[in-house]
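Please read the following short report alongside the sequence and the 3D view. It begins with paired strands and then turns to the chain as a whole.

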Amino acid sequence: LGDGPREVVIKLMKNKNQWVCECNARKKHMLDPKYVVSALPNVPSEAAIANAVRDGEGGLDIIREKYLDNIELGIYAFVMEAGDRNLFQMFHQEQPNIDAVRHILRQVFEAVKHLHGQTLMHGDIKMLNIVRSRIDNGLRLIDLDASARIVPRGGDDETFAGAKFSSAILPPEMIEKIETEEQLEEFNKYWESEDDEDLKKKVAPKIYKRARYVVKSFRTDEEGKPIVDKRLPYEELVRASENIDLWSLGVLAFTLLTGESLIPSNREDDCASGNAMHVLYYWGTQPEVLSELFNKIHNVAARDLVQQLLQKEPADRPRVASLLEDHPFFHPERVDEEMKGYVREMKVRLEDMDNSLQSQTEQLEIIHRNVLVIKELSYESQSELLRTRHVLLKGIFEATEVRTPTTFIILNNKLPP
């Protein structure tokens, strides 16, 4: 490379269209090396690398013999600076706590924000595609072979998601259910002419209770354009957009926060079974199931973040920039300050209530004293009334005194005159 020895990663790709996709993503967009691992300049030519791979030069023959049994190497190369380790290794070996996970997600979200600002969808955000740089220990995105330019609806040269994918991190709108045998037959015919046997296996329908599920994928021509015809069971391909990456960020966050996969997957991050694709297809139709799933995330702010990202409707998923700026998971200090403000406000309210209660107590004491006075007055009034009654009755009796004799005495002798 002209500047001394260094550790590099040579990515050998079998699918030329995917290699071209990665090269174009880097050539046609101003990608900041702070967020995306850069391709190294001054590397051998495409033809030289292809010949070296075929001839087993540079120790490739030994590597192929010892470690790559029955694995075919690609001849399309991409050379990058070697990273320290990928996020999958970091997660399982370093076991980050909630604060470390917050730091990881903030870096990944910043990188995705940068891509979206360059009108580019990554299309395959997962742990294996995030590496830690040896330069500054910051996280970077790699593998842009599933990327696509984000074009407004109705714009020229619309682009689509799904040419390359990892199905376990795809959103529900990327999953299709094959309803009839005729559809299945036509679907299989569509993929018959595909030369990439690995891709044919990857897109093969998965069965769950007689239902068949597939990813809304498609073949591409030599220029990377979609080959679409009536044999596909889905009427429209899914346009490349930020929403695809937003869902993948939700899947990534769920795993980092719970230690579990959102959707059962294999080592390539594809759905492990038809049941897994069935779950995605019917996502959101059983709220109680989702509630149980999200409750595995104990941090309330983190749970809310994942819930917002894993919305079934693409339009309901918030933009990365707004989450970074406003969501409480990324700003625990704001939450702490808000709580302090709330505590201060409650303290003032309690003091006001205390003063009010004291005032009310004083008023109650005055009322109580007044009641006692009234009671005393009442007793005196009752006594006065009784005395008045006695006097009145006495007066009445005196006024109505009978003058007629009511007693007769019989004498034996006549009284003298």
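## Paired strands and overall figures

Strand E1 (residues 8-13) and strand E2 run antiparallel and are joined by 6 bridges. In this pairing, valine 8 has glutamate 81 of E2 as its bridge partner. Strands are DSSP runs of E with at least two residues, helices are runs of H or I with at least four residues, and both are numbered from the N terminus. Two strands pair if DSSP finds at least two bridges between them.

This is a predicted model, in which local features need pLDDT of at least 70, side-chain atom pairs count only at pLDDT 80 or more, and totals for chains, interfaces and linings use all residues. Residues are numbered from 1 along each chain as its sequence is written, and side-chain values use heavy atoms, with hydrogens and water left out.

| Strand pair | Bridges | Direction |
|---|---|---|
| E1 and E2 | 6 bridges | antiparallel |
| E8 and E10 | 4 bridges | antiparallel |

E2 (residues 76-81) is mostly covered, with 5 of its 6 residues buried. Buried means under 20% relative accessible area, with a 1.4 Å probe and protein chains only. Strand E8 (residues 175-178) is covered on both faces: Ile175 and Lys177 are buried on one side, Glu176 and Ile178 on the other. Glutamate 176 stands opposite valine 214 in E10, a strand that spans residues 211-215.

The protein chain has 13 helices and 12 strands. Of its 417 residues, 38% count as buried. Among contacts (heavy atoms within 4.5 Å) in the protein chain with a separation of 6 or more, 72% come from residues 24 or more positions apart.

How values were computed. Buried means under 20% relative accessible area, exposed over 50%, partly exposed in between (1.4 Å probe, protein chains only).
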